[in-house]
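Work through the exercises below with the sequence and the model in view. Each task is followed by a solution in steps.

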Amino acid sequence: MTALPPEPPDPGSPRPGEEPPDEPGGPSSLRPLGPGPLTAAVILGLVLGWLWHPVAERLTGTAPVLAWGQALALFFVALILGAVALVTWRAVHVRRERMEARRMVNRLVLARACLLVGALLAGIYTGYLVSWLGSPAELADDRIRHAGAAALGGVTIVVTAKLLERACRVPKDNPHL
């Protein structure tokens, strides 16, 4: 019986005594949400918001009048996101605290969900605003102002959610987090 020659080591396998490299699908390969999904959410929102005006008029006879409460609610959500981002940033990047993986993943999921929803809402309210530009309707100016404030609230959610997403990144010089 002849012995087979030993197989050459896999170039990607770790040498004895080395840590195995991170798996491509592992948790360390998470990247920030890119501009593609955000752009798609904004464009979808613009189309839906622009269609909201004529569809509502056909179905109900009048288009909805937005209230200041909608914009205030969006700014309130942005305020909460900003506070969570600040607390997370201080814990991870300033005090170098070790946080539970579950807690960090929850915050990252919250950030990404708010990024997409904030972009969608900013697009919807901007589209609704655009649909009223040049309209002779008596409440057109109110609708434009309220939709503009709500769109700004959606943009604020996107900004604060991006800050939270960034705060969830573990510093490379402190891999034990």
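**Exercise 1.** Within what distance do the axes of helix 2 and helix 4 come, and at roughly what angle do they cross?

Solution. This is a predicted model, in which local features need pLDDT of at least 70 and side-chain atom pairs count only at pLDDT 80 or more, while totals for chains, interfaces and linings use all residues. Residues are numbered from 1 along each chain as its sequence is written, and side-chain values use heavy atoms, with hydrogens and water left out.

Step 1. Take helices as DSSP runs of H or I with at least four residues, and strands as runs of E with at least two, numbered from the N terminus.

Step 2. The axes of helix 2 and helix 4 come within 8 Å and cross at roughly 15°. Helix 2 is therefore roughly parallel to helix 4 (angles under 35 degrees count as roughly parallel, over 145 as roughly antiparallel).

Step 3. By class, this contact of helix 2 with helix 4 has 19 nonpolar, 8 polar and 2 charged residues (nonpolar: Ala, Val, Leu, Ile, Met, Phe, Trp, Tyr, Cys and Pro; charged: Asp, Glu, Lys and Arg; polar: the others, Gly among them).

**Exercise 2.** Are helix 3 and helix 4 roughly parallel or roughly antiparallel to each other?

Solution. Step 1. The axes of helix 3 (residues 101–132) and helix 4 (residues 140–167) come within 7 Å and cross at roughly 160°.

Step 1. Helix 3 and helix 4 are therefore roughly antiparallel. Their contact has 23 nonpolar, 4 polar and 5 charged residues.

**Exercise 3.** Which residues have the most contacts inside the largest nonpolar core?

Solution. Step 1. A nonpolar core is a set of buried Ala, Val, Leu, Ile, Met, Phe, Trp, Tyr and Cys residues joined through side-chain atoms within 4.5 Å. Buried means under 20% relative accessible area, with a 1.4 Å probe and protein chains only.

Step 1. The largest core has 33 residues, and Leu81, Leu115, Tyr125, Tyr128, Ile157 and Leu164 have the most contacts inside it.

Step 2. Helix 1 (35–60), helix 2 (68–94), helix 3 and helix 4 each give two or more residues; helix 3 gives the most, with 10.

**Exercise 4.** Is Thr160 buried or exposed?

Solution. Step 1. Thr160 lies in helix 4 and has a relative accessible area of 10%, so Thr160 is buried.

Step 1. Leaving out residues up to four places away in sequence, Thr160 touches Ala78, Leu81, Gly82 and Ala85 (contact: heavy atoms within 4.5 Å).

Key
Axes fitted to C-alpha atoms, helices over the stretch in contact; angles between N-to-C directions. Parallel < 35°, antiparallel > 145°, perpendicular 65-115°, else oblique. Buried < 20%, exposed > 50% of the residue type's maximum accessible area, 1.4 Å probe, protein only.
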